[in-house]
Amino acid sequence: MSTESIPVAEPLSGGPPLPPEGTSGGGRLEAFPDVAKIAAIVGVVTVHAASAPNDAFGTLTDKTWFVSVLVEVAFRWCVPVFVMVSGMLLLRARTAEMAPGVFYRRRLARVAVPLVGWTVFYRLFTGWTGPDPSFEENVQAVYGGVPYFHLYFLYLIAGLYLVAPYLARAIRDLSQRQLGALSIGALAVGFLWGGVPPWLPATSSNAFSLFAPFVGYFLAGCWLSRVRLDRQLVRGSVAVFVLVGIASALATYEFAHSGTRLDWHYLYGYTTPSVIVMSLCVFVAIRYLCERREARRPIRHTQALHYVGEATFGIFLIHPALFMLWIQSSEGIPSEAPELIWWLPLTVAGLIAISFACTLAMKRIPYLRRLV
């Protein structure tokens, strides 16, 4: 699948989600948004790499398959964290005071150009790497908001941008407790929308409604950015993350071996309770670590950190094409756990490095820089 600070005069230009403007005192870059984006893009690429052996259920040994399950479950927070970082930066007083028309004019090109450009690219790429899709199939893919398996995120974030100025106004006068209650309530609605247990009917989404189940994460980013953190809360968050992650991996393994194979991937859903809890825990932990580090000694090289954080958008968009080309030209997925243990990190590191280089190159080319 996932999930965006510089002086206020200029919004950021990269990193899923398409990033808004943000600043800290004196115009100094804050470390947390960039650190969170970097951590999340590592998670996204890891999930996509792990999904290859994960989807090979029945052809790998149980031990090897469980390793891939454990890895994927451990990183399913990646897209929600991207969305929460976006909410943290967008749902602020500055947005609430801005006329919606001004907000949209500032961000239209940043959303529309990548959405259209990469939609066209990946529909052509689909025909190049497999059977050429028909016109009807292309229309269905675009209307469904999934012109390629990861591009749903562009449609999701575009929807959140549409509602952002109105949400910012709606929550402007809420207390911290009220904002927390609203965030939890919206996350529950997102679960009821598309994360309900597989034996109950769920509402399907299309390009125009993909954002709706993620509004809770959007609000939660704003809420959790204001929560007062202490060591006890963070330790509890880490403990909950580990317990929920292990339980999710074991449950997924059990689902897959209980004869209901259609349901084994249920706990991978971004709006399921386990992923919601793990995502909130990760957001809190990363924020605490960044703030604690800055309290001890200001983080050096924040400009370089921000430079890498901006490149996460391009890495997100480019790496699936590289991965697909590599899979088609390689000898396949490791079939034993010891091989998989080194295959996964090397694959992730390689995809990130090459995608990062491609992103930097595109940023130097007129017109193409607007895509990343």
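The second largest pocket of this predicted model is lined by 17 residues, of which Val-111, Leu-115, Ala-158, Gly-159 and Leu-162 lie nearest its centre. A pocket here is, on a 1 Å grid over the protein atoms alone, an open set of points where a 1.4 Å probe fits, with protein on both sides within 12 Å along at least five of seven lines, and lining residues have an atom within 4 Å of a point. Two or more lining residues come from each of helix H5 (100-129), helix H6 (135-143) and helix H7 (152-171); helices are DSSP runs (H or I, at least four residues), numbered from the N terminus. H5 gives the most, with 7 residues. The volume of this pocket is about 350 Å³, a volume being the space filled by probe spheres set on the grid points. By class, the lining has 15 nonpolar, 1 polar and 1 charged residues, where Ala, Val, Leu, Ile, Met, Phe, Trp, Tyr, Cys and Pro count as nonpolar, Asp, Glu, Lys and Arg as charged, and the others, Gly among them, as polar.

Residues are numbered from 1 along each chain as its sequence is written. Local features need pLDDT of at least 70 and side-chain atom pairs count only at pLDDT 80 or more, whereas totals for chains, interfaces and linings use all residues; side-chain values use heavy atoms, with hydrogens and water left out.

The packing of helices comes next. Helix H1 (residues 31-54) packs against helix H3 (residues 78-90) at an angle of about 155°, with the axes 8 Å apart; axes are lines fitted to C-alpha atoms over the stretch in contact, and angles run from 0 to 180 degrees between N-to-C directions. H1 is therefore roughly antiparallel to H3, as angles over 145 degrees count as roughly antiparallel, under 35 as roughly parallel, 65 to 115 as roughly perpendicular and the rest as oblique. H1 passes H3 in a left-handed crossing, meaning that the near helix is turned anticlockwise from the far one by less than a right angle, while clockwise is right-handed. The contact (heavy atoms within 4.5 Å) includes Phe-32, Ala-36 and Lys-37 of H1 and Cys-78, Phe-82 and Leu-89 of H3. By class, this contact has 14 nonpolar, 1 polar and 1 charged residues.

H1 also packs with helix H13 (residues 337-363), at an angle of about 135° and with axes 9 Å apart, which makes H1 oblique to H13. This crossing is right-handed. Among the residues that meet are Val-42 and Thr-46 in H1 and Trp-343 and Leu-344 in H13. The contact of H1 with H13 has 12 nonpolar, 2 polar and no charged residues.

Helix H8 (residues 176-194) and helix H9 (residues 215-224) pack at about 155°, their axes 7 Å apart, and are therefore roughly antiparallel to each other.
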